[in-house]
Every structure is written in C-alpha cells, then in structure tokens.
Amino acid sequence: MATLSSPNMFRMPYSSHYELSSNYEPFLSYQKRSLLPLQWRRKRTFLPFRLCVAQAGDSSSTSSTRGQQTQSFLSFLCPLLKLIGGTDPSAPRNELLERTTSGISTLARLPWGSKVSPEIAELSKTRTTFRPLQLYEFEACPFCRRVREALTELDLSAEIYPCPKGSIHHRSIVQEKGGKEQFPFLVDANTGVNLYESGEIVKYLFRTYGDGRNPSPGILESTIFTGWVPTLMRAGRGMTRWHFAVTEIPSKKLELFSYENNQFARIVREALCELELPYILHNAGIGSGSLPQVQVPSLVDPNTGMRLENHEEICDYLFSRYRSKESKADS
C-alpha cells in the first residue's frame, strides 16, 4: 500500500475550499465500472444476513401518516432481524456476496446517483468558492441516499457526518442544531439554511446549486419504491456504530472519492458510517466536470498519509486503524 510522500497541497480543479495532496495524480485513471466482476481477490467466509433500519424519520415524499407507519413497521422489524445476522463489520466477508448484493443495489437505483449531466458539469467548473455543505446522515437510510444521489448529480462535494445508531458524536449535534434526531439533516453555512426532510433538501440543492433546475425526474418519487432495495440487499450495513470503533474523532477529516451509486464506494461508505468517521465526500460521478478521471473509490487519510484505491483494502485499513486500543489489547 502506497503512502503520501509529499506534504505539498494544491487547489482542486473546481472552486471550493477543499485541498488535496500533490500526489493526487495516481487517482487520475478511469474507474473500471463493470457492475459485477467475474473474479474476486480472495475467498472469505460467509457473513450472515442482517437487517435493521433505524430512525430515517423522513416522510417528505409521502404523507406524515405513511411516514409514521413506516417507522413503526421498522421499529418492529429491527430487533427481530438483527438477531439473524452477525454484528461485527470487521469480520471476514464473503466477497462474492458483497459484490453481488451491492451490485444489485446499484441496479435498483439506476440511473440516479451515477451521472452528471453535461449542463451541470459545465456549471460545476464555474462555481465560486463556497463554504462546505454539511450532511448528517447514515448510509443505510433510503432518504439519506436520496440526498447523496442529488449531490452526485449536482457534482457537489460535502462534509459527511455519519450518524449511525449508537452514535456518540454526531446525533447529539443534530439534536442541538435542529431540535430533533431526524435524518438526513443538511447545514448550508452559505445561506444559513438548516433542513430536515430529504425531499425538501433535494429541491433546495437543485434550486440553489443547480441553477434553479428541478430535481432529476424520478429521484424523489422512486425512493419509496426502490430506495429500500440497497438497505435490504446490504442487510443493514452502514446503520449501527461498531462497538469497537475509536471514541476519538481524527484531527483531520478523511477524504473519499466516490459517487453514490458505485457498488464499491457503497461498501466503503458503510464502513465509514459504522466507525462514525467524519469525511469529505468528493463526488466524482460519470461525466463530472470537476473530477472527470478519478479512481472510484479512493481514500486519502491525511492523519496517516495513507491513500488507497481498492474497496477491500480500504475497509481492512479503516477497521484496523480506527479500532479502539482496548479491543486491540483484548485480541
């Protein structure tokens, strides 16, 4: 695994506050986007299926009554289905199962969260410097997924603050800023807007950063039908904080090059959520005007100088590096 060898920094090709290392060039290769590769690197043991969806709390595309019914249904299923599966996300996984379930999740959400339109790509090149968007969410939530899809399509980067069940950091911040623990929650310091409700957030993002455009056709309506598929197929990955995760937040945010509907980036985002690690999400959707040739997924950890471009290696690194010292001593 390579490490960063130079501390020099340079400005991103699009206007934003984010900076990257000067060794950014190794990421400049087109991502091979084959949906279900025929080979996998190593055989792993089977990881039991598990599912638990918690506190999405969003009813923006349906009536409030339907939202309450959905949450009640999930509240009933969560404890029951969680008993079926494993609880340790760092345990060896069946790589074929990982690729297949994430691949099916990608198919279910096509075309949303994959591409940047030519008009938006041109617009992203001319955006002036702005303060970072902050999104409080958790990976398994279908309503949070809807917002991340919009960020990809708008070619927007953001600071992501994972709020898994069992959070010890970020959920309390949402409670303090917004008055309730409901996700997703967007903070835009450029306009002073704080928003709950995924539908309202998506409309706001397109209106504010999409030159007044309406949201992509179907991105709002489809969530209620296929937005749950990745949550179900991925068996609740990216929902609950790992009990062995470090309690201290790293001094510098990790950086992830991703786009929402990439099957391998999804697996990395799940790990970041389960570790409750805040990170800068650099969206590099197909056709991106700001990051057109970036390897997806790619991770940069400025705390250690590590950079990685393979989802398996990234996950192994994250669960090893950000595992609590107490659990390391016990093992």
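**Entry 1: an exposed residue**

I began with D211, which counts as exposed at 59% relative accessibility. My cut-offs, taken with a 1.4 Å probe on protein chains only, are these: buried is under 20% relative accessible area, exposed is over 50%, and partly exposed is in between. D211 lies in the loop between α6 and α7. I also looked up its backbone: D211 has a positive phi of about 60°, although it is not a glycine.

Some notes on the source. The model is predicted, so I keep in mind that local features need pLDDT of at least 70 and side-chain atom pairs count only at pLDDT 80 or more, while totals for chains, interfaces and linings use all residues. Residues are numbered from 1 along each chain as its sequence is written, and side-chain values use heavy atoms, with hydrogens and water left out.

Next I checked E276. Its phi is near 50°, a positive value in a residue other than glycine. E276 lies in the loop between α9 and β8. Is E276 buried or exposed? At 2% relative accessibility, E276 counts as buried.

Then I looked for cis peptide bonds. The bond from F183 to P184 is cis, with omega near 5°. P184 sits in the loop between α5 (170-178) and β5. The bond from V296 to P297 is cis too, with omega near -5°. P297 is in the loop between β8 and β9 (298-301).

**Entry 2: the sheet**

I traced the strands across the sheet. Eight of them form an open sheet with mixed pairing, in the order β6-β5-β3-β4-β8-β7-β9-β10. Two strands pair if DSSP finds at least two bridges between them. From one strand to the next, the twist averages 20°.

I picked one pair to follow. β7 (residues 254-258) and β8 (residues 279-283) pair in the parallel sense over five bridges. L256 stands opposite L281 in β8.

Two helices on the sheet came next. For these I used contact, meaning heavy atoms within 4.5 Å. Axes are lines fitted to C-alpha atoms, for helices over the stretch in contact, and angles run from 0 to 180 degrees between N-to-C directions. Helix α4 (residues 142-153) lies across β3 (133-137), β4 (158-162) and β8, and runs at about 155° to β3. Helix α6 (residues 198-209) packs on the sheet and touches β3, β5 (185-188) and β6. The direction of α6 makes about 25° with that of β5.

**Entry 3: salt bridges**

Side chains of opposite charge can pair when their charged atoms come close. I counted a salt bridge when a side-chain nitrogen of Lys or Arg is within 4 Å of a carboxyl oxygen of Asp or Glu. How many salt bridges does a search of the whole structure find? The search finds 15.

I looked at R269 and E139. Their side chains meet in a salt bridge at 3.1 Å, N to O. R269 lies in helix α9 (residues 263-274) and E139 in the loop between β3 and α4, so the pair ties together parts 130 residues apart in sequence. Both R269 and E139 are buried.

R148 and E260 meet in another salt bridge, at 2.7 Å, N to O. R148 is in helix α4 and E260 in the loop between β7 and α9, 112 residues apart. R148 is buried, with a relative accessible area of 1%. E260 counts as buried at 3%.

I also found R234 with E270, where the closest N and O atoms are 2.8 Å apart. Both R234 and E270 are buried. Which residues do shared partners join into one network? They are E137, E139, R148, E260 and R269.

**Entry 4: two helices side by side**

I finished with α9 and α10 (residues 311-321). Their axes come within 9 Å and cross at roughly 5°. That makes α9 roughly parallel to α10, since angles under 35 degrees count as roughly parallel, over 145 as roughly antiparallel, 65 to 115 as roughly perpendicular and the rest as oblique. On the α9 side I noted F264, I267, V268, A271, L272 and E274, which meet H311, I314, C315, L318 and F319 in α10.

Notes
Helices (H or I, at least four residues) and strands (E, at least two) are DSSP runs, numbered from the N terminus.
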